[in-house]
Amino acid sequence: MRVRYQSVTACAVLVLVAVVVEIAELCICANSTTLLHPQCLERERQALVKFKASLTDSSNLLSSWHGHDCCQWEGIGCDNVTGHVVILDLATPFVKCRRPMWEGEYWLRSDDEDNCYLLDDQYLEAGNVNSSLLELEYLTHLDLSGNFFYPSPIPMFICSMQRLRYLSLSRAYLSGRIPSNLGNLTNLHFLDLSDNEFSPASNINWISQLPLLEHLDMSSIYYGLQVDILNVTISAPNLQILSLAHNRLNVSNLDAFQNATSIEFLDLSWNNFDSLPSWFHKFEKLKHLFLSSNNFQGTIPDTLQNMTSIEVLDLSDNSFTSVPSWFVELKKLVYLSLSSNKLTSMECSISSILKNMCHLKSLYIAGNKLQKESIGNNDFSTCIRHDLENLDLSKNEFNDHLPSWLGQLENLGNLYLHDNFFYGLIPPSFGKLLKLKNLYLSNNKLEGGLPDFMGQLVNLHVVDLSNNSFNGTITQNLEQLVNLQHFDVSKNYLRGSIPSSLGQLINLTKLDLSINFLKGIIPTSINQLVNLNRLDLSRNKLDGKICIDFQKLVNLSYLDLSSNNLNGPITVEESRLLVLSEMWYLNLSHNQISGSLPEHIGHIMPKLGYLILGNNLINGSIPKSLCQVDDLSILDLSKNRLSGKIPNCWKDNRKWDEINLSSNKLTGTFPSSFWNLSTLSWLHLNNNSLHGEFLASMRNLPYLLIMDLGENQLSGPIPSWSANTFPTLQVLRLRQNMLNGSIPSQLCELSSLRILDLSRNNLNGSIPRCIGNIQGMILEGSALSATSSIASGPALPPDSDWQAENVKEVVKGRELDYIRILKFLVHMDLSENNLVGSIPKEITLLDGLHSLNLSNNHLIGKIPNKIGDMRSLESFDVSSNQLSGTIPSSMPALTSLSLLNLSYNNFSGPIPTENQFSTYNSSSYAGNPYLCGYPLPNKCGYLHEDHGSSELEDDDSKLDNLEKWLFYLVIAIGFATGFWGVIGTLWFKKTWRHAYFRWVEDLADTIYVTTAIRMAKLKKWMMKRNRVVA
């Protein structure tokens, strides 16, 4: 009984306890909200409301700031007991996305890092932050980083918030001087003022007043040069993280931190350090050291030799030339970067580094000049396993087989060996790299077929084997690479057909098989790649129709099928272009595509930026919907069979770069709306049937480089285009039209012109004398134009853009298609017009001119004597004019002149024989009957035969002229002497004059009497003769 009673008592007690506990839990639950989350104080809520009112929140980052409980607002943290606001974290989403994780492997690039930029437009703005935050007297954490406070300085009231332990104002676009009152915040453990534009005159010695600092980031705090920012010693015994990057500091600036021996993280990158201080070894706890982008040269500083605790070391972007042997003793390294230096040798090879640093996860030695001696052997016996995940040896001069020992790095995830001189086959040991995600072997000399073992590397995300010498076919077992996103084997020698198994790579976003020898049709299995973003099959030998189902490939934005043998029409029904809503680049040029363009092509490809369909068989008209595409910058429909009028509806989207409608059958007038395209650089409308006159006035096109309207039926005069109209125009081609009138002198103001072709028109008048002012045809000016940099002018396209431009010009008697060297040609062609007058001597100022053609006009006079100054001239044609005189003696100085045509003029005298003149044949001088000497059959005189120089002829001509003038002078003197010798005497001597006139009278009487007597005798003789006859 006693036992039973005790048991009952125990049970009763347990039940009572259980009931009490349950009641307590009910009470706690009933009041949990009050106990755990007390509401914020009304005074502090009002302070936050005032603070919000001083901000501009266009991104609605503070949309939760409403209601009475401010502790529930975004970015606000309250004390769980008192309800005071203790945390105000308004860092932007971008900053939070990019914020380093100090406790993790923050130096490794995040897969989502690029996505952070999608958040860069979300921030708060304020010109003057409200000081109401002072009401938050218990605030310990303040983060305003990433917001836009430009051009405000750091608000002074922050210096009074002495409870702050955490203060971050990074990337807030603050300016002005850093207030020294920040030294009042003696409780600060964390201070980040990085990425602002403070005045270089700022003094930051107040840092010495912050003894509790653990984290100090002062990187990129100065807009200009600053070399002396600290003059005191920093005494922060717990300072662990210090960043002074991007401040252009010198080594003397580090002295302030020589007692901060607790530093574990030190970032001194992007400064002017060329050495390390002798006391640097005191940083015995240092684990992370960044010295990239400084002025270090030679070998790596010995100061680092004993710092064996370092785990992260970045020495990239300096001028180191060698790696010392002791470097392998830094066995705790997890991250090592020696990229972008001038390394030519390594006392410790790459394999020896990996042999001793078993825990190394990332090794970057890209962008140096290392050769095969630096690779080393494959002895890894000292490491039980290798932790290496990232290896970058790209952009060096390694000239050897790929190291087979790389296959032993079983944890390797990213391998970058591109841009070297590796040759031979890919080693079979690479098949052991089962964790490999990214493989970059492009721009080497690798050969053989694509390895079969590649199908085993199922974790591959990126395979780039482009620009090598791989041959054979594309292996079928790639279908196992289900994680593959990027596959590039372009610029190789691959043959055969495109395997249909590629359609099973459903995660593929980029497929580039361009510039190979692939043939056959495009497999329909390509349509299964629903995630495909970029497809490039250009420059192969593919044929058949374009059987791509664009309704399935909804993510496709880049499609290049150019330079194949694809055929068939472009119709909405067959190619289903109506669903290309993401397409921005479409290139189907150099095929045999026929049919017409869909009328609504501009509406069904709203994001189109590049439409390149040249060199096909497309007919019909140009759809007007293309005028409405907002992002269109390049439109190339050249060399097709398009007809009808060019739409006159083009609008300025400020993105236009090129319009090429050349070599079609287009008619109508020149579209005036083209003059609205303010950013247009290239305009090709040549080889059509356009007619009508130019508009007298037009909008300026400041970026236009090429205007080719040749081979049309344009009429009327050439407009008076000035430098303001086309300030950067380099190619003006109006060849083979029906233009009339004279050449306007305003063309001389187009100072950047390098090609001027007005040939085969009906132009009249004389060549403007100002033609010598075209700076683009003068050696110094043409050099400026060729490099696409004109002082005080608009920014021009890069040189690479000229690679795709082509212009046909008649040079050296042949019509040539200038493409890659177009930007270097300097040419003037005014032939086949009705120009009159002489060749202006000012034209000889164009010493950068390569070709000058003035043939088939009505020019008279002589060739300018200073033509020898045009030293760049390679072709000179003045045939079929009415030029005369001798060949200038300076012409043999044109040693680059390979074509000379002086035929069918009136030149005379001997032909020079110096230099290249001995190489021209007789056709260069045909139709000049007064020329003599080789190679003509006409022989010159003895003097010319002996000397063969036109200089003697010039001397004789000068002598003949002198003798002629002397003869006339003597005659004049004789006449004057005889006349005035007689007349002057009679004028001044009266007695002589009377005697002279008496003598004249007597002489006249004597002559009269004598004549009368003789006539009487003659008469008598005639009468006697008549009687005898009778």
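This is a predicted model: local features need pLDDT of at least 70, side-chain atom pairs count only at pLDDT 80 or more; totals for chains, interfaces and linings use all residues.
1. Overall make-up. The chain runs to 1030 residues, and 50% of them count as buried. Its secondary structure consists of 11 helices and 59 strands. Among contacts between residues at least 6 apart in sequence, 57% join residues at least 24 apart.

2. Main core. The largest nonpolar core has 247 residues, and the members that touch the most others are Leu193, Phe327 and Phe876. Several elements give two or more residues to this core, including helix H3 (42-53), strand S1 (76-78), strand S2 (85-89) and strand S14 (319-323). Helix H5 (350-356) and helix H7 (601-604) also contribute two or more residues each.

3. Phe327. With neighbours within four places in sequence left aside, Phe327 is in contact with Ile300, Leu313, Leu315, Leu336, Leu338, Cys348 and Met357.

4. Second core. A separate core of seven residues is also present; among its members are Trp682, Leu705, Val807 and Leu825.

5. Surface patch. Tyr996, Phe997, Trp999, Val1000, Leu1003 and Ile1007 make up a nonpolar patch on the surface, and together they have about 560 Å² of accessible area. One of these residues, Leu1003, lies in helix H11, which spans residues 990-1029.

Note on methods. Residues are numbered from 1 along each chain as its sequence is written. Side-chain values use heavy atoms; hydrogens and water are left out. Patches are made of residues with over 30% relative accessible area and no salt bridge: like charges are joined within 9 Å, nonpolar side chains (Val, Leu, Ile, Met, Phe, Trp, Tyr) within 5 Å. Accessible areas come from the Shrake-Rupley method with a 1.4 Å probe; for residues, only the protein chains shown count as cover. A salt bridge is a side-chain nitrogen of Lys or Arg within 4 Å of a carboxyl oxygen of Asp or Glu. Helices (H or I, at least four residues) and strands (E, at least two) are DSSP runs, numbered from the N terminus. A nonpolar core is a set of buried Ala, Val, Leu, Ile, Met, Phe, Trp, Tyr and Cys residues joined through side-chain atoms within 4.5 Å. Buried means under 20% relative accessible area, exposed over 50%, partly exposed in between (1.4 Å probe, protein chains only). Contact means heavy atoms within 4.5 Å.
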